[in-house]
Amino acid sequence: MRRLRTGFTAVVAAVGMALPLAACGSGDSTTADAPAASATTGAASGEVKQVTEKDYDRGNFSRSTSIDNQWMPLKAGMQFRYEGAATVDGERIRRRVVFTVTDLTKVIDGVRTVVLWDRDYNNDELVEAELAFFAQDDDGNVWHLGQYPEEYEGGKLAGAPAWIHGLAGAMAGVIMRAEPRLQTSDYSQGWGPAVEYADRGKVLKTGQKTCVPTGCYDDVLVVDEWDEADPAALQRKFYARGVGNVRIGWAGEDDEKETMVLTRLGHLDSGALAQARDEARKLDQSAFRVLEDTYGKTQPVEHTP
């Protein structure tokens, strides 16, 4: 199963501005050849607890939809475009991903989550549309409480491997710690046993530098992610402080070898946001029809401007 490539950024003035990638010399490597040393010394224990999935507490989400984590700030109307390439069936193809932070929420296990809408394209063909549900706890950690993806082949629905915390044995996971540290444990990013979703993450490096079309960034956090069933294939994500995910690479024995960079970021106006809201609602309604026995037990998404 394809790993959730969630990476959101705060809005900056240089929307769509292209900069030469060669401007940065260190920290740009997207494969396993990059050294693991960091310019910032991490500690196994710091001022902020390094949470794992075992620390989930639905009573610790008093401001759950105010996601201002320094590595993953999310605000309604943000839209981000990533472009790159991947190997599918032995062929190198173009890949494009568009993420939108909607002004919809969904209550899961008593926690009100932010609804994120994701569209994935291979060679300009829509191959997946997805809703993901994130919430921030009172300590600043961002949690992943589930997702509903629709996979398409030839324009037709081919699968919907959804998981929702509390249903069919699924459990929430940590998508971003409040203050990630080196030399700390790996952590679950969510567990959906019914659909074999078992992604994990671990901090690899801090204090890095990387350049993408939207700009050059210092003090970059690098996190490795993998499927528990295939730990040798790594997806490598680069996060800029106060910005978010700006680059995606790979390491290890990853057959797909996906590489992507943030190419455009912006904020939707009221009309475009309303259109995104309607599309996300349609996907939520589709989920109730397709997965009546599981997703059908959840509450519909709500508009919470």
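Reader: Okay, what share of the 305 residues of the protein chain counts as buried?

Author: Buried means under 20% relative accessible area, exposed means over 50%, and partly exposed is in between, using a 1.4 Å probe and protein chains only. Here, 56% of the 305 residues count as buried. Keep in mind that this is a predicted model: local features need pLDDT of at least 70, side-chain atom pairs count only at pLDDT 80 or more, and totals for chains, interfaces and linings use all residues. Residues are numbered from 1 along each chain as its sequence is written, and side-chain values use heavy atoms, leaving out hydrogens and water.

Reader: How many helices and strands does the protein chain have?

Author: Helices (H or I, at least four residues) and strands (E, at least two) are DSSP runs, numbered from the N terminus. This chain has one helix and 15 strands.

Reader: And what percentage of the contacts with a separation of 6 or more comes from residues 24 or more positions apart?

Author: Contact means heavy atoms within 4.5 Å. In this chain, 61% of the contacts with a separation of 6 or more are between residues 24 or more positions apart.

Reader: Which residues is Arg 92 in contact with, leaving aside neighbours within four places in sequence?

Author: They are Ala 85, Ala 86, Thr 87, Glu 256, Lys 257 and Thr 259. Look at Glu 258 as well: Arg 92 and Glu 258 are 166 residues apart in sequence, yet their C-alpha atoms are 9.5 Å apart in space.

Reader: Which backbone oxygen lies 2.8 Å from a polar atom of the Arg 92 side chain?

Author: A polar contact is a pair of N or O atoms within 3.5 Å; within protein, one must be able to donate a hydrogen and the other to accept it, and residues adjacent in sequence count only if both atoms are side-chain atoms. The 2.8 Å case is the backbone oxygen of Lys 257. The backbone oxygen of Glu 256 lies 3.3 Å from a polar atom of that side chain.

Reader: What about Arg 277: buried or exposed?

Author: Arg 277 is buried, because its relative accessibility is 16%. Arg 277 is in helix H1 (residues 270-290), and its side chain makes a polar contact of 2.9 Å with the side chain of Asp 103.

Reader: How many aromatic pairs does the structure hold?

Author: Rings of Phe, Tyr and Trp (its six-membered ring) pair if their centres lie within 6.5 Å; planes under 30 degrees apart are stacked, over 60 edge-to-face, and the rest tilted. The structure holds seven such pairs. Take Tyr 56 and Phe 61: their ring centres are 5.9 Å apart and their planes meet at 45°, so this pair is tilted. Tyr 56 and Trp 143 have centres 5.6 Å apart and planes at 70°, so they are edge-to-face. Ring pairs join Tyr 56, Phe 61 and Trp 143 into a cluster.

Reader: Which ring does the charged end of Arg 119 sit over?

Author: A charge sits over a ring if NZ of Lys or CZ of Arg is within 6 Å of the ring centre and within 35 degrees of the ring normal. For Arg 119, the ring belongs to Trp 117, with the charged end 4.1 Å from its centre. Arg 96 lies over the face of Tyr 121, at 4.1 Å from the ring centre.
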